[in-house]
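Colleague: I am new to this one. Could you walk me through the labels and how each was reached?

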Amino acid sequence: MTTAETVPFRFFALQVDRTRRLGPSLVRVTFTGATAGELEGFASGGRDQSLSLFLPHPGQPEPVLPPLDTDDLYGVLGAWRAMPDDVRAVMRSYSVREQRPAGDGTTEVDIDFAVHEDGGPACRWAQNATAGDRVVVLGPAVADNTGVRFRLPEDADEVLIWGDETALPAASSILESLPAGLRAQVWLEVPYAADRLEPVTEADATITWLVREEGAPSAVEAVRAAVLRGSAPYAWIAGESGSVKALRRHLVNERGLDRRRVTFVGYWRMGLSEDALREAPEPSDDEASGDAA
């Protein structure tokens, strides 16, 4: 029988400790456990570690969820889905930007939110978050978990990374994880010049900022112009689903990369909410190879 120690994900009750505006399109929210020791079992795998964030509706003091004192995650999620839409907690997927020990011996978790004027409920929540606000996350309880999609092959001699502002936190964390000297070509797409947040990395990284207000080329145009230097590249692309799909097709069809060495994640899709995107199928291997229309 599965025990609490072997369950890879579990629910954690968090509260806002502080917020920080990183740029016009990014807000960092730092969380601590809502109770003493709440985050002791939280075990981010780093890189592009994802979690499910449950938020309250306006006017609710905390997110409304079924009882969480169980290891039956599917049962909890099923009961949550059965609740009325205007009552049950709003759920959105986010990357863990950083997990670290705080000065008092507790744990802090940073989540960076991409924000814009016509944003959805999570965007509005982040822009108004204050210390003490309560949330719940379904997050990692073991570091090696399926919420980490970036998996660098042992033989990789070059890494290709593309991400828009929604993927900037994950891309920055990935760059921090790369070994010294590994070649990396990185394209980071953001709305405004002031959104540039220079990543820290020991890799031999060439970082190109694609700023939309400056008329930057599209993702495919930018990547198509690059010269690949490695013989065994690995690619990670994440952000708007249409751009991700186009880039994956370019890398697999035009560049000849093994599709198994291209990790792709559609964080959002133009014109769709996350709920609608979750119900839409991801691009298949046939689509990536050009065999489908």
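Colleague: Why is Asp258 called partly exposed?

Modeller: Its relative accessible area is 30%. Buried means under 20%, exposed over 50%, and partly exposed lies in between, with a 1.4 Å probe and protein chains only. So Asp258, at 30%, is partly exposed.

Colleague: What kind of model is this?

Modeller: This is a predicted model: local features need pLDDT of at least 70, side-chain atom pairs count only at pLDDT 80 or more, and totals for chains, interfaces and linings use all residues. Residues are numbered from 1 along each chain as its sequence is written, and side-chain values use heavy atoms, leaving out hydrogens and water.

Colleague: What makes Asp258 and Arg260 a salt bridge?

Modeller: The rule asks for a side-chain nitrogen of Lys or Arg within 4 Å of a carboxyl oxygen of Asp or Glu. Here the closest N and O atoms are 2.8 Å apart, so the pair meets the rule. Arg260 is exposed, at 72%.

Colleague: How many salt bridges does this rule give?

Modeller: The count comes to 15. One of them joins Arg212 and Glu189, with 2.9 Å between the closest N and O atoms.

Colleague: Why is that pair said to tie parts together?

Modeller: Arg212 lies in the loop between β10 (204–211) and α4 (219–224), and Glu189 in strand β9 (residues 183–190), so the pair ties together parts 23 residues apart in sequence. Strands are DSSP runs of E, at least two residues; helices are H or I, at least four; both are numbered from the N terminus.

Colleague: Is Glu189 buried or exposed?

Modeller: Glu189 is buried, at 13%.
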